[in-house]
Structure formats: structure tokens, C-alpha cells
Amino acid sequence: MTKKPVSGWIRVALLTALGSTFTLSAQAADALRVAADPVPHAEILQFVQKLDPSLNLKVIEIPNGVNSNELLAHGDVDANYFQHVPYLHSQEQALGQKFAVAAAVHIEPLGVYSHKHKTLADVPENGTVAVPNNVTNLSRALYLLQDQGLITLKPGFTDPAKNQATPKDIASNPKHLKILEIESPQIPRSLDDVDLAVINGNYALEAGLSPAKDALGLEKATGNPYANILVTTPALATDPRIKQLAKDLQSPEVAKFITEKYAGSVIPVAGIKS
């Protein structure tokens, strides 16, 4: 879920390269343009297209490193679907832009993975742990490591929705683990080089990992503040197309599709018991 800022020339190059994707013909003028990460977001939107053909939906798969919030702010898309609320709030501050949450759709549990060890107990002294380098997912990773008993954060760091943690907030690190901050999309490639890697659900899926099966430790879905959301601008928040897409994404049919296709690696918000 890490997105780099899109500089002017990169943005122009992207729009030019994807010409037909971003430029709507006269017949497609009413198409709702939604930027999404390929997995699982675009796959879920493609299911929605089949579920609701009346919704003129244009799904735009965004490559790693492109900031979909900047595209939304510039009017190049009408909505995006790739991020959770804490990340969105950090983006609003960084971009000086207000956005609107149209729907909470699913949870992608953050997981701890290893190519070197079969259990977390096997991790040696001074082991290396790759974690996301952006503020919100770094904090999320540290809370997960705490939940798995690998570290302890300072008193007061009990609610990831309220208190963002950094490595400086680690109070106890019994195995003296070395925390390596890496860009989220690159972390799966580091699995052969580190003892543990904390990977976002979408990047784990893209790398061929099954969070529900392969993770040595996984976030809980209940009470998880990191639901992935459909985001638009305040001006489009009441657009009938946005409202219809939000309704579709929160439907029982989409919840069933997510549950069956991702087998616990992606969890529909509608299916989470409080």
C-alpha cells in the first residue's frame, strides 16, 4: 500500500502511456473510472462489473509506485480502491487534499512470513525483520510483531488505531531483532535475505503467497482498523454511480466472492463478526 508521489512528468508519461485507459471516448463519457491495485482490488471490481452490468465501470489497474490519491486529486480518476483509512489520513496531510470514504470493503490481514524458518520460535538472536517503510504500515507491522510475542512496545501503545508506533517505541526486544524498513512492494523479494518479512496482504497475494496458509503470524480481522476502502472526492461523494458501486462492493454477493476466492487471505468486512 505504499504509493510514491507522482511527479508532473511521470504523471504525464503515465497518462500518455495508458492513453485509451485514461481518455474516455464520447460514448464512455459517463464511465466511472476507478484506480485499483491489481490484486485483489481490481479482481473484485471485475466481479462487480459482471454482477452489475448497468454500472458503467472502468477499472484502471495501477502499477506499483504510482500514487492513486494524486490521480484522484488531479481528476484523472473518479475513485480509487487500494488503501485503508489510516493511510488515507496520512495522504490527506501529505497532499493537502480532503477525500471521502464511500465504502469499507475488506480486510487484508498483514502477515509475518519466512523462507528460512518454519515457526517464529526458530528465529535466531539478531535476526533480521523486513517491515514496510511508510508510517502507517510500519506501525501496523510493529503491533503485529508485538501480538506475536517478538517485541513489546512502550506502555500506552495498545491501540493501533490511535497510537502509531516506530522502532523508537520498542521497549523490549528479547532476540535483538534488527528492523529493516523497506518499500512495501519490494518486501516479498527480500524473503530469501531476511529471517522474517512483514508483508501487506495484496503484495503477498501478488507474490504467490497465501496469507491464510503461509503466514507464521497473521493480524486478527475482528476490530481491525485497516479495512480497505473505496475513496472518492467530496464533490463526487453523492454521485449516484459512486453510491451504486459502494452498494455493490458491500453486497452479500461480493462478500461471498471474496470469501470463496481468497479463502481467508482477504476477508469481507460484511463477514467479520464483532
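Student: Where is Asn126 found?

Tutor: Welcome! Keep in mind that this is a predicted model. Asn126 sits in the loop between strand S5 (111–113) and strand S6 (128–132).

Student: What is phi of Asn126 near?

Tutor: Start with the general idea. Most residues other than glycine have a negative phi. Here, phi of Asn126 is near 60°, a positive value in a residue other than glycine. With a relative accessible area of 43%, Asn126 is partly exposed.

Student: Which residue has a positive phi of about 55°?

Tutor: That is His176, and it is not a glycine either. His176 belongs to the loop between strand S8 (170–172) and strand S9 (178–182). Its relative accessibility is 48%, so His176 counts as partly exposed.

Student: Now to the peptide bonds. Is the one from Val39 to Pro40 cis or trans?

Tutor: Again, the general idea comes before the case. Most peptide bonds are trans. The bond from Val39 to Pro40 is cis, with omega near -5°. You can find Pro40 in helix H3 (residues 38–51).

Student: Let me try salt bridges. How many does the structure hold?

Tutor: The structure holds three salt bridges. To read one, look for a side-chain nitrogen of Lys or Arg within 4 Å of a carboxyl oxygen of Asp or Glu. In one of them, the side chains of Arg33 and Asp78 meet at 2.9 Å, N to O. Arg33 is in strand S1 (residues 32–36) and Asp78 is in the loop between helix H4 (68–73) and strand S3 (79–84), so this pair ties together parts that are 45 residues apart in sequence. Both Arg33 and Asp78 are buried.

Student: With which residue does Glu219 form a salt bridge?

Tutor: Its partner is Arg140, and the closest N and O atoms are 2.8 Å apart. Because Glu219 lies in the loop between strand S11 (217–218) and strand S12 (228–232) while Arg140 lies in helix H6, the pair ties together parts that are 79 residues apart in sequence. Glu219 and Arg140 are both buried.

Student: And Asp239, is that residue buried or exposed?

Tutor: Buried means under 20% relative accessible area. Asp239 has 15% relative accessibility, so it counts as buried. Asp239 forms a salt bridge with Arg241, with the closest N and O atoms 2.9 Å apart. Arg241 is partly exposed, at a relative accessible area of 24%.

How values were computed: Residues are numbered from 1 along each chain as its sequence is written. This is a predicted model: local features need pLDDT of at least 70, side-chain atom pairs count only at pLDDT 80 or more; totals for chains, interfaces and linings use all residues. Side-chain values use heavy atoms; hydrogens and water are left out. Helices (H or I, at least four residues) and strands (E, at least two) are DSSP runs, numbered from the N terminus. Buried means under 20% relative accessible area, exposed over 50%, partly exposed in between (1.4 Å probe, protein chains only).
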